[in-house]
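Q: I'm about to open a structure and would like to talk it through. Could we start with the surface and work inwards?

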Amino acid sequence: MDKGKAVMGSARRWAVDFTDNSTSHSSRDILDPPGFTRASQEQDDSAVSKQKKDAEANWKSQKAWEVAQAPFKNLFMMAFMMWMAGSTVHLFSIGITFSALLQPINALRGVGKVFEPYKDNKVDLLAPKLVFIALNLVGLGLGIWKLNTLGLLPTHISDWVSSLPPPQDVEYSGGGIPL
Amino acid sequence: MGCRCSSSYLEGPVQNTSLQNEGRRALMGCLLAAAAGIFFCEAATAVSTSRRAVHYVAKWKGITFMTSRQGLGVGGGTPYGFDVGDSERGTVLKGLDLGVEGMRVGGQRLLIVPPELAYGNKGVQEIPPNATIELDVELLAIKQNPFGHQQYIGKVKHAVFHTQKAARKRVVVSTEENVVASLDLRHGEICGYCHIFADVITLSSGGSVLRAWNLPDGQMVWESTLLGSKASKPLLLIPTNLKVNRDNVLFVYGNGFIHAVATIDGEVIWKKELASEGVDVQQLIYPDGSDTLYAVGLLGLSQFDVYQLDVKSGELLRHYNMLFPAGFSGDLSFVSDDTAVAMDSTGTALVAMHFQDGQISFHQTDVSQLIQDFSGGAVILPSKIAGSFILKLDSSVVFIKVRNDGKLEVVGRLGHADAVSDALSLSDGQQAFSLIQHGDGKIILTVKLSNDWTSNVIEETTQMDHQRGLVHKVFINSYVRTDRSNGFRALIVMEDHSLLLLQQGEIVWTREDGLASIMDVKASELPVEKDGVSVAKVEHNLFEWLKGHLLKLKGTLMIATPDDVAAIQKMRLQSSEKSKMTRDRNGFRKLLIVLTRAGKLFALHTGDGRIVWSLLLNTLRKSETCENPRGISLHQWQDPHHHALDENPSVLVVGRCGHTSDSAGVLSIVDTYTGEERNHMGSVHSIAHIIPLPFSDSMEQRLHLLVDANGHAHLYPRSAEALGIFQRELGNIYWYSAETDKNILRGHGVRKNCVLEVSDEFCFDTRDLWSIVFPSESEKIAATATRSLNEVVHTQAKVTADQEVMYKFISKNLLFLATVAPKAVGPIGSVTPDESSLVVYVIDTVTGRILHRMTHHGSQGPVQAVFSENWVVYHYFNLRAHRYEMSVIEIYDQARADNKEILKLVLGTHNLTSPITAYSRPEVFTKSQSYFFTHSVKTMAVTSTAKGITSKQVLLGTIGDQVLALDKRFLDPRRTINPTPAEKEEGIIPLTDSLPIIPQSYATHALKVEGLRGIATVPSKLESTTLVFAYGVDLFFTHLAPSRTYDSLTEDFSYALLLLTIVALVAAIFVTWVWSEKKDLQEKWR
């Protein structure tokens, strides 16, 4: 506001000078401020960035491992929920079971995405990925095991036979007591 | 409930009498007066198979002690629901049950209920003894099946009019179906609570059971069993004013004894044996005012015997007889108290017998003397005209008067008459009788006076439906017209057993009583609703539909005005669409084609039970070529389902011309849409077996194999195409016959064309393949049962609680056969348990292999059995436990039991669905269990559904003429005393020694299907529901859902409410979406 008032006096209300005079490396008409050495900055760059990059890689791999291990906590949670849900088929237990199934499946489908932020040349993501996949598979297994305990898996002969129509007779016979 | 009563073997006459029974009458009067406050005698009151919902407030001395109006819920408390007639079972106050009779929905009544119809003289809790209570009742709803329950009586044998001094004129009839009924003369309805006092005496069971009925309510007043040794024609004589020891007396002759019975209580005053010499007593005569009772009869058709007995003591006063060497033919016809007439054995002469004071005189007259052009074949018609009789000749009827000296005199002659009534005494001492003559599509009723043969009192012509056939019987009754002259009404019984009342040349009412004797039932589809419904109609329908549902919604939300309520009621009635003549989506609307004993076909609509068409089959009428025709069975002939859809479905009616098995058969094919006979074949070969084959031709006509008495199989339809199909399948077609007289079960194969004089390519020879001979000293075939041909089975596996599979042994060729020891064929209790045993077999009828055999020691018949899927349920009597028992046998296939690899099943490399031949040595194992059952069972059936998924119920026709639906789960051989939790989950009921009878499981509710003979079940298109038709003298139709109606919404489901909810939800979604969008935007602006 004050600025506005300050420029009120002039005919032009405000103006921006787009000529680059500070950041451009090519034109250095303006001197660097005192204490600023352009050389040192350039000199430093490689060491600092390397340090930084290392730290970042470390951080990334640490994070990746963290992410990879995240389903482990989930597993306990899930197991507890399943135990709570009981083994009778009702809305709650089915909901739990299906979420237990869907979660690992979704996670497995998005393995790449999950580890995308931690992608780095220096970071070996294979191990965390494998752990992640393994843990999710365990989760999936848990879900399937739950599904089975609920009796929703067609693992019995009866599940396959019930839909079969009875066989036809080749012969036909009729009759009875004479009328 | 009406006042119709049926007794088991009613053969004797009905007579009407006025019993001087003041005491009982007063008692009845008192009871009726007490009930009069809530009694309604409206003939129009719907006969109800209904369940009613009421709100009631019960008060005693103004204090409300019970009400249904208080409580939670929209309209106060829960309405009280009960079945009509529940009071008879004691579950509902009698006063309430009777009091809502005749009420309309929405009506209110204040009932003042006397204690005997309420809590009686004992009181209940706060209600003191003998309290008259008030019930304020509002009838909320009646749920009823409009077909429900139809009452018929059968072919009328005797009729007695009760019109004198009666407020409501009635006729009491007894019928061939052993029914005594009282019909309202105005409407022809079986009359309910009507106040007239008279009593009916019936003699039944060959003259051994005498019963007195009270006419107002049809209650039996007393019953006397009259014992005797010899079977004889039962006779009943009720003198008008004779008293012995101040009691009115009636005389009964039956089983060789003459009994004098007091009319007040049925006590036998005296009895006397007359039949010791073998005399066949034909008439009891009591001359008014005398002390002597005459019993007149014949001995060996040549000796005329007269007994004179003292009426007071029964002492034989005199016995005299006279021999007539030429012999008589037929029965005596009595023209007066001392004269009888009979034909002689040659059939050419009439003999008048005069007997009085120990003198018998014969007077023989040649018929040709009386009638010039006599050519033989004369029959004396039973007519009871004083001093005269009627002789029926080939082409005419002759009235012959018997003069005092025994001379005969022709007094009149008429053209042919089809039926002649008994004489009716008029008030002025004259006698009148009527004749019926047939014309072209009409009948002529003539009433004559017995003293004037030439002129007619009345001659009336009435148009008559051809489908009723000839007149078989006529009964007349007179009434006094306003001009003091005599008018006559005639009750006529037609060939199709229908009953009509004629008055003044008009048919006042008709009753289709032929429906009381149904022989067989088949269901037929209705036509499909035609396409091409106009848009306007749809719009109209849609609008109406919406309007209707909005009204209903208003009703549910309790904002409906009384007008709206009325509109809703009206709509409910209309929209039920139960009586439409087209198929419905659920397959509830069908035609029931029934064949009656009279040889008439009826099509009944399942919606409202009305007769859509009826057809008196000419092939089943008496003719020269067919002397004693009778219908045997009905078969589905053509049932277009897949192709040939423009063809109408039809049924095959099979009949036979005589009573023996070698008499010629008759066949007709009847279109079930129109009721027209499409084709008929008279006097074909004899018919011993009718085997519907599981093949049909391109017209969807089912192939039938009719096996004659000589073992030749005849193929129908007689077309080249059918022949082609049959010859292709020839090697796989077998038949069997259970010869009950020889105790042999024989299996046959069909071979090649038979060798006859006239070559017939549709006739095939059969050869014997196997036979099972049952030891005749210990076993006699008592019952057989097979699976219904149309039964659909959904699955071959029975899954047990532990997820294991038992494979059902499902074969159409299984026969259940039960034999009992020959000694135990008699009634229950006629043998000791040690002498009797029941052996049951399950037999494969292709190979004759006995798959299962089991002996029930100490048991006897009658055996009733039903076979369905892989199980048999049968009912018999256990002599040791002295109770009825029901057993179940389930048959499982062991050969397939090793199909245990899931992978095979997943990949489909199993052979579980491949066709099975009976020759592949079946390995079966059976499970069975027996339970006690309280009732004796008359007939059994099983529910059948469209796909066979729904669980089954066994329908039992109980001795009380009700239909009990018993869940098959109770008859599961795997029931154990302590089922495991898994078994419980599977639905196995803990084992009990007897089968429970839950009152709610009576499919007939509180009704009785009088004289129940059979139950037919038809699947509807809705898998959960099966249609049940029970028939006897009454007809009953209902829907049963053994596992509840899981696949349909209830009729009063509010679609509008559903629509409203959906609309509201959509609106809510939209509104919240808009809101959230707005909120998002605001969030972003921040």
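Q: So how much accessible surface does chain B have?
A: The accessible surface of chain B comes to about 49,200 Å², and 52% of that belongs to carbon and sulfur atoms, with areas taken from the Shrake-Rupley method using a 1.4 Å probe, where for residues only the protein chains shown count as cover. Keep in mind that this is a predicted model, in which local features need pLDDT of at least 70 and side-chain atom pairs count only at pLDDT 80 or more, while totals for chains, interfaces and linings use all residues. Residues are numbered from 1 along each chain as its sequence is written, chains are lettered from A and ligands numbered from 1 in the order in which they are written, and side-chain values use heavy atoms, leaving out hydrogens and water.

Q: And what share of chain B counts as buried?
A: Of its 1086 residues, 53% count as buried, where buried means under 20% relative accessible area, exposed over 50%, and partly exposed in between (1.4 Å probe, protein chains only).

Q: Switching topic, how many disulfides are there?
A: The search of the whole structure finds one over all chains, a disulfide being a pair of cysteine sulfur atoms within 2.5 Å. It joins B:C626 to B:C657, with 2.0 Å from S to S.

Q: Is that link left-handed or right-handed?
A: The link of B:C626 and B:C657 is left-handed, with -110° about the S-S bond.

Q: Are its two cysteines buried or exposed?
A: B:C626 counts as buried at 3% relative accessibility, and B:C657 counts as buried at 8%.
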